[in-house]
Amino acid sequence: MKKRIFAASLALMTLIGSMAFASGQSEASSAADDGMITVGYAQVGAESDWRTANTESFKSTFVEANGYKLIFDDAQQKQENQIKAIRNFIQQDVDYIVVAPVVETGWETVLGEAKAAGIPVILSDRMMDVSDPSLYTAWVGGNFYQEGVDGILWLNNYLKKIGRDSENINCVLLQGTIGSSAQVGRTQGITEGIDANPNLTLLAKQTGEFTQAKGQEVMESFLKAYSDIDVVFAENDNMAFGAIDAIKAVGKVPGQDIIIVSFDAVHEAFVKMIAGEINASVECNPLHGPRVAEIIQILEAGGSVDKIMYVVEEVFDMFNAEEKLPTRQY
Ligand code: AHR
């Protein structure tokens with residue numbers, strides 16, 4: 001199915017330019033002729049349980065039975081791979097390009113190429129920081145800054161609950177991929193919250209690349225450098241899993257000797273919250289496949305969509321994890 005005919009919300013200039021482009025031959029043109037909507041998804045990688053759930057959400061939504069042909073690309077956490085994937089999608093003349101960008105900056109050129117080809121770009125999960133917002137049609141994802149703020153609020157309430165709110169509390173921060181909007185937003189929310197509470201001190205922050213192995217490695221180095229860590233913020237659950245192993249290896253009890261606040265709220269984090277090893281996990285919802293499909297259906301029908309769409313998210317902790325686990329989808 002040719003996007004250029006149905007995406008009535010696009011400007012006329014774009015429409016004319018893209019109809020000219022559509023006369024070229026490509027693999028996707030023939031796919032397009034069978035009535036399917038072809039979607040190229042430039043995925044970040046497979047670095048975490050969250051990412052696996054996100055990939056599954058796209059793969060189970062964009063199926064032939066629903067009228068889609070999905071071209072999926074795993075960029076292995078490298079921006080240059082995503083740029084290549086987007087160029088491939090343009091060459092294949094897909095109907096829509098969906099990107100979960102590894103980092104926020106550096107997208108103007110390739111998005112300009114997609115725009116010139118008349119292919120709408122939908123951002124999902126992470127944001128891009130581009131000078132020209134017309135380079136993408138819409139974005140849907142979580143509010144990473146708010147997630148960071150919620151993590152701090154949870155900690156402040158918990159310290160009060162356990163009678164430690166007037167103690168000096170030393171924190172360390174395992175950051176995600178530097179320059180990704182998930183890292184930028186969460187780090188900002190967390191560090192602002194630490195600065196705002198005179199009892200909280202940030203001893204160190206370093207990236208663990210959103211992976212369990214790197215999270216463990218960085219936590220090991222934090223534990224060597226500081227004997228008095230009270231709290232770990234891990235900007236995703238997988239880094240928290242790595243931190244738990246590092247904490248156990250030095251004979252400390254995760255969740256008790258060191259409070260752990262993480263992000264994502266994947267299934268295994270619930271298991272660890274129930275076991276008392278993670279104290280809280282701030283939700284980041286990965287189930288964006290149906291949300292992006294809804295955006296595409298509206299565009300196909302000639303409608304327009306909000307530019308920015310935030311997903312509502314919750315905070316889970318060791319007190320409600322057992323009750324909430326059966327309701328979770330990932
Ligand atoms: O962009 C969302 C983040 O990316 C998730 O927190 C993390 O697990 C993933 O790798």
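Where does Gln-76 lie? Select Gln-76 in your viewer and you will find it in the loop between β2 (68-74) and α5 (79-91). Keep in mind as you go that this is a predicted model.

**Stop 1: Gln-76**

Look at the backbone here. Gln-76 is not a glycine, yet its phi is positive, at about 50°. Now show the surface: Gln-76 has a relative accessibility of 55%, and because exposed means over 50%, Gln-76 counts as exposed.

**Stop 2: Glu-209**

Next, select Glu-209, in the loop between β7 (200-207) and α9. Glu-209 also has a positive phi, of about 55°, without being a glycine. Is it buried, exposed or partly exposed? With a relative accessible area of 30%, Glu-209 is partly exposed.

**Stop 3: Glu-47**

Now go to Glu-47, which sits in the loop that runs between β1 (37-43) and α4 (49-61). Its relative accessible area is 10%, so Glu-47 is buried, the limit for that word being under 20%.

**Stop 4: the largest nonpolar core**

Time to move to the inside. The largest nonpolar core has 36 residues. To find your way into this core, select Leu-174, Met-219, Phe-222, Ile-229, Val-232 and Ile-278, the residues with the most contacts inside it.

Colour the elements next. Those that give two or more residues to this core are α4, β6 (169-175), α9 (212-225), β8 (231-234), α10 (237-249) and α11 (267-274). Which of them gives the most? That is α10, with seven residues. If you colour by domain instead, you can see that the core draws at least three residues from domain 1 (34-142 + 286-311) and at least three from domain 2 (144-284).

**Stop 5: Ile-278**

Not counting residues up to four places away in sequence, Ile-278 touches Ala-240, Phe-241, Ile-244, Ile-260, Ser-262, Ala-269, Lys-272, Met-273 and Met-318.

**Last stop: a second core**

Finish with Val-94, Val-99, Trp-107 and Leu-111. These residues are among the 24 that make up a second, separate core.

Technical notes:
Residues numbered from 1 in each chain as written. Predicted model: local features only at pLDDT ≥ 70, side-chain atom pairs only at ≥ 80, totals over all residues. Heavy atoms only, no water. Helix = DSSP H or I, 4+ residues; strand = E, 2+ residues; numbered from the N terminus. Buried < 20%, exposed > 50% of the residue type's maximum accessible area, 1.4 Å probe, protein only. Core = buried A, V, L, I, M, F, W, Y, C linked by side-chain atoms within 4.5 Å. Domains from an automatic or database assignment. Contact = heavy atoms within 4.5 Å.
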